[in-house]
Structures are given as C-alpha cells and as structure tokens.
Amino acid sequence: MAATSVPLMSQQATDGPAASTAVVTFTFDFPQSNPERYSIAVEASGRASYECTGKVTDDAEEQLYRAEFEVSAGNRERIFEWAKRAQYFAGKIDSAKHNVAFTGTKTLTYQDGRRSNAARYNYSSVEPVRELTALFQNMASTMEYGRRLAYYHRYQKLALDAELKRMEAQAKNGELSEIRGVAPVLQEIFDDPTVINVVRARAKELIEIGSSAAAGR
C-alpha cells in the first residue's frame with residue numbers, strides 16, 4: 001500500500017473487474033512546517049498507513065517516518081462515502097478563490113481497479129472534501145503525537161508529561177482522530193516502571209479515550 005502522493009490524473013478504465021481493495025490517500029505539503037510533507041492512505045478494509053518526513057526536535061535532522069494502523073469502522077465508512085459523494089475526486093475540487101489564505105497544498109487520491117483519480121487543492125467548498133480534509137488532518141495530528149512520544153520515551157522521558165498533557169487536551173476538544181492508532185506507544189509508556197506515575201496515568205487515559213471513540217463509531 002503506497003502512502004506517498006501520485007501524479008495528478010483523472011482516468012477511468014472501460015473494462016476489467018474492480019480491485020478488491022480501494023484506497024483513498026490524502027497528501028499534505030506545506031513548506032516550512034513540521035512535517036513539511038505527510039500522507040495517509042486508507043484501504044477499504046480499514047488498513048491504513050501514515051508517512052512523513054520531518055524533525056522530532058528543532059535541532060534534529062529530518063527523517064522518514066512510517067506507521068501502520070487500523071482505522072475504525074465508522075471513519076472507514078465515512079471516508080469512502082465522502083469520496084463517493086465527491087465523485088472520487090474526478091473533477092476540480094479547489095475553490096479557486098484568490099482571497100483564501102494558503103494553508104498547504106492538499107491532494108486527495110482515489111484508486112481501485114477501475115479508477116485512478118487525484119485532485120489538488122488549497123481550500124475546497126465541496127462539503128465532503130472539507131470533511132475528509134478535517135478528518136485526515138486530525139488523524140495526522142494523532143500520528144505526529146505517536147512519532148514524538150516514541151522519541152521522547154526513548155531519549156527524553158522528562159518531556160513526556162507536557163506532550164501527553166497537550167495530547168489529552170486536544171483529544172478532549174475533538175481535535176484528534178484514531179487515537180487507537182498510537183495505542184502501542186501509549187501502552188509502552190504505561191508499562192514502563194521508570195516513567196513517573198502521572199505520565200503513566202495520562203497514557204492510560206488516552207488509551208481508554210481511543211478505545212471508547214473507536215467503539216462508539
């Protein structure tokens with residue numbers, strides 16, 4: 001499953017059976033941000049991957065990071081329903097408004113055995129595209145927490161408390177999605193007796209938040 005972007009295209013084969021697994025990919029490019037580029041690919045089966053190139057700390061070198069996870073059934077259904085409502089990104093989805101601030105170049109791609117469409121945009125007024133953008137960006141925020149927490153757990157345990165506190169606040173504000181996708185690193189922190197109890201408690205609470213969210217969708 002490729003998690004990187006593909007060239008812009010819009011084509012549809014006239015024959016051949018559809019592949020058993022369709023894939024929706026969201027790619028984000030924003031120079032001078034961290035990460036400057038990331039992509040999330042979600043299969044119709046629920047399998048997903050996150051890939052980025054970024055820095056964990058300001059003085060660190062950029063590194064490629066990849067994580068695989070399972071998307072909850074509710075979000076999987078939403079993603080493919082919104083893709084369908086957006087005509088599988090076969091047409092133009094950018095609003096083309098000149099007074100809209102640049103918030104990064106985004107690309108939505110849909111691929112199966114019959115279609116291979118991609119559309120690039122800064123801002124879209126197409127409602128299902130806006131819904132997809134918000135969901136994917138919330139997923140990316142969650143995956144970025146997973147990337148940083150894994151680093152801090154290994155190299156800077158004193159940084160874990162502040163990081164988990166921020167994550168907890170965003171989770172409660174509905175600004176994260178698929179917290180269950182970073183449950184393994186949260187579990188490692190909770191299971192580590194060398195980590196202070198308040199940090200372990202935060203990790204445990206976030207695991208429970210992620211489990212509850214997945215069960216409720």
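Predicted model: local features only at pLDDT ≥ 70, side-chain atom pairs only at ≥ 80, totals over all residues.

Author: Residues are numbered from 1 along each chain as its sequence is written, and side-chain values use heavy atoms, with hydrogens and water left out.

Reader: Which pattern does the protein chain follow along the sequence?

Author: Helices (H or I, at least four residues) and strands (E, at least two) are taken as DSSP runs and numbered from the N terminus. The protein chain has five helices and seven strands. Read in sequence order, its pattern is β-β-β-β-β-α-β-β-α-α-α-α.

Reader: What percentage of the residues of the protein chain count as buried?

Author: A residue is called buried under 20% relative accessible area, exposed over 50%, and partly exposed in between, with a 1.4 Å probe and protein chains only. Among the 217 residues of the protein chain, the share that counts as buried is 44%.

Reader: How far apart are the end C-alpha atoms of helix α1, and which span should its residues give?

Author: The expected span of a helix is 1.5 Å times one less than its number of residues. Helix α1 covers residues 73–85, and so its 13 residues should span 18 Å, which agrees with the distance between its end C-alpha atoms, 18 Å.

Reader: What do the buried residues of α1 pack against?

Author: The buried residues of this helix are Gly74, Asn75, Ile79, Phe80, Trp82 and Ala83. Taking contact to mean heavy atoms within 4.5 Å, the buried residues of α1 pack against β2 (23–29), β3 (37–43), β6 (105–111) and α2.

Reader: Are α2 and α3 roughly parallel or roughly antiparallel to each other?

Author: Axes are lines fitted to C-alpha atoms, for helices over the stretch in contact, and angles run from 0 to 180 degrees between N-to-C directions. Helix α2 (residues 127–155) and helix α3 (residues 160–172) pack with their axes 10 Å apart, at an angle of about 160°. Angles under 35 degrees count as roughly parallel, over 145 as roughly antiparallel, 65 to 115 as roughly perpendicular and the rest as oblique. The two helices, α2 and α3, are therefore roughly antiparallel.

Reader: Which residues of α5 meet α4?

Author: The axes of helix α4 (residues 183–191) and helix α5 (residues 197–215) come within 8 Å and cross at roughly 150°. On the α4 side, the residues are Ala183, Leu186, Gln187, Ile189, Phe190 and Asp191, and they meet α5 at Val199, Arg200, Ala203, Lys204, Leu206 and Ile207.

Reader: Is Val42 buried or exposed?

Author: Val42 lies in strand β3. Leaving aside neighbours within four places in sequence, Val42 is in contact with residues including Ala22, Ile79, Phe80 and Phe136. Because its relative accessibility is 0%, Val42 counts as buried.

Reader: How far apart in space are the C-alpha atoms of Asn34 and Gly54?

Author: Asn34 is found in the loop between β2 and β3, and with a relative accessible area of 45% Asn34 is partly exposed. Not counting residues up to four places away in sequence, Asn34 touches Gly54, Lys55 and Arg147. Asn34 and Gly54 are 20 residues apart in sequence, and their C-alpha separation is 5.6 Å.
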